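Here's a quick briefing to read alongside the model. Have the 3D view open as you go.

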Amino acid sequence: MMDIPFSPPDVGEAEIAAVSEVLRSGWITTGPKTKQLEEEIARFCGTRKAACFNSATASLECALHLLGIGPGDEVIAPAYTYTATVSPICHVGAKPVLVDVGPDSYEMDYPAVEKALTKRTKAIIPVDLGGVMCDYETLSSIVSDKAKLFKPRTPLQEAIGHVPIVADAAHAFGATYHGMPCGSVADFTSFSFHAVKNFTTGEGGALTWNDIDGVDSDEIYHRCMLLSLHGQDKDALSKNKVGAWEYDIVAPDYKWNMTDITAAIGLAQMERYPGMLARRKEILRRYAAELCGGLGGSALIGGTSRHDTPILLLEHYSPDGSSSGHLGLVRLNGFDETRRNRFIESMAEKGVATNVHYKPLPMMTAYRNLGFRIEKYPNAFSQYRNEITLPVYSLLTDEQVDYVIDSFNRTLAEGI
């Protein structure tokens with residue numbers, strides 16, 4: 001029997017050497033490596049600038065602060081996501097407005113988004129779940145059609161001219177939508193470089209943004225730096241220059257900065273990332289072709305499903321775009337929570353670790369305490385109750401992929 005973990009980080013000698021170099025350099029906090037990684041992320045995403053942070057949660061909250069969102073404002077987000085999508089809304093004092101996902105879809109129900117828009121709405125946070133980018137064309141049409149409803153309260157909101165789309169692309173670094181790289185599609189895009197992500201810095205995240213008429217992109221970057229380092233107008237690298245010790249604190253801001261130690265890991269990952277993405281694509285295509293004899297291979301495309309198949313796989317690669325291949329989401333047709341959980345246990349007994357993405361937020365204590373009830377999100381519950389996530393990572397060998405497929409097919413045949 002094999003022992004296959006769910007998602008170990010793909011780090012090797014290149015990352016170890018990069019970190020060792022930084023440790024020996026005598027400069028381990030935010031410095032030249034972090035600035036270099038920001039430049040490479042911006043180039044990779046096709047944007048003018050990128051700002052690195054110590055987490056995606058920090059980068060998403062930074063975007064809300066940049067937009068001036070706070071008490072009295074509303075921000076729309078999906079109920080089917082991890083708390084890190086919504087907690088920043090609460091952190092800035094705004095009201096989260098959760099919408100259901102579409103039928104047989106992991107994406108927000110776009111008509112529900114349109115219905116939820118009010119004059120108090122100051123942002124929409126779509127989630128690129130599993131690495132598949134949302135329908136940003138539809139979202140853009142919605143905010144454009146409702147532009148007259150938008151009541152900007154800050155200069156940046158006014159310059160954007162519509163409800164800003166702030167993408168939670170924690171899973172989607174390296175994905176594309178209609179030929180455009182993730183990071184250059186939404187108004188703002190937040191990435192995660194957590195240990196379980198495709199591209200990791202151990203802990204970390206980044207924010208990118210599109211050019212906004214009348215707004216200096218360098219000024220947005222400068223504001224990101226202030227927010228990420230206590231509102232201090234010089235970082236440690238600048239202060240280290242001869243005679244440049246003096247600094248000012250322009251606001252009582254936050255401690256969100258990425259260090260050069262973590263940035264060094266990211267720079268090494270950048271060298272290898274195209275191959276890592278390609279390996280994920282190979283694995284996901286094998287799952288589509290060989291799970292249940294391939295019956296579920298194209299079972300979820302554009303929100304439609306084939307209910308005569310025993311399983312439904314999220315479609316990662318389509319004419320609309322290419323996923324980052326982050327998660328192998330599989331739905332077990334006809335299963336309820338209890339049966340799904342027995343399936344997970346049976347896979348674990350065979351040595352294959354699986355997971356669930358996600359238990360909807362209205363089922364969590366914190367969000368129930370805010371007044372959310374899962375009964376109002378039937379599609380989210382339907383997705384969750386029979387979903388399991390299979391191991392997909394660039395370190396998986398062909399032999400291990402064979403074993404995962406065989407274990408899955410045997411478990412399904414056992415009639416758990």
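This is a predicted model: local features need pLDDT of at least 70, side-chain atom pairs count only at pLDDT 80 or more; totals for chains, interfaces and linings use all residues.

Residues are numbered from 1 along each chain as its sequence is written, and side-chain values use heavy atoms, with hydrogens and water left out.

**Aromatic rings**
- The structure holds 16 aromatic pairs (ring centres of Phe, Tyr or the six-membered ring of Trp within 6.5 Å; planes under 30 degrees apart are stacked, over 60 edge-to-face, the rest tilted).
- One of them is edge-to-face: Tyr-136 and Tyr-177, at 5.9 Å centre to centre with 80 degrees between the planes.
- Tyr-136 is buried at 3% relative accessible area, and Tyr-177 is buried at 7% (buried means under 20%, exposed over 50%, partly exposed in between, with a 1.4 Å probe and protein chains only).
- Phe-193 and Phe-199 count as edge-to-face because their ring centres are 4.9 Å apart and their planes at 65 degrees.

**Charges over rings**
- Arg-339 has its charged end over the ring of Phe-335, 3.8 Å from the centre (the cut-offs: NZ of Lys or CZ of Arg within 6 Å of the ring centre and within 35 degrees of the ring normal).
- Arg-340 lies over the face of Tyr-384, 4.7 Å from the ring centre.

**An open sheet**
- Its 3 strands run in the order 3-2-4, with parallel pairing (strands are DSSP E runs of at least two residues, numbered from the N terminus; pairing takes at least two DSSP bridges).

Conventions. Helices (H or I, at least four residues) and strands (E, at least two) are DSSP runs, numbered from the N terminus.
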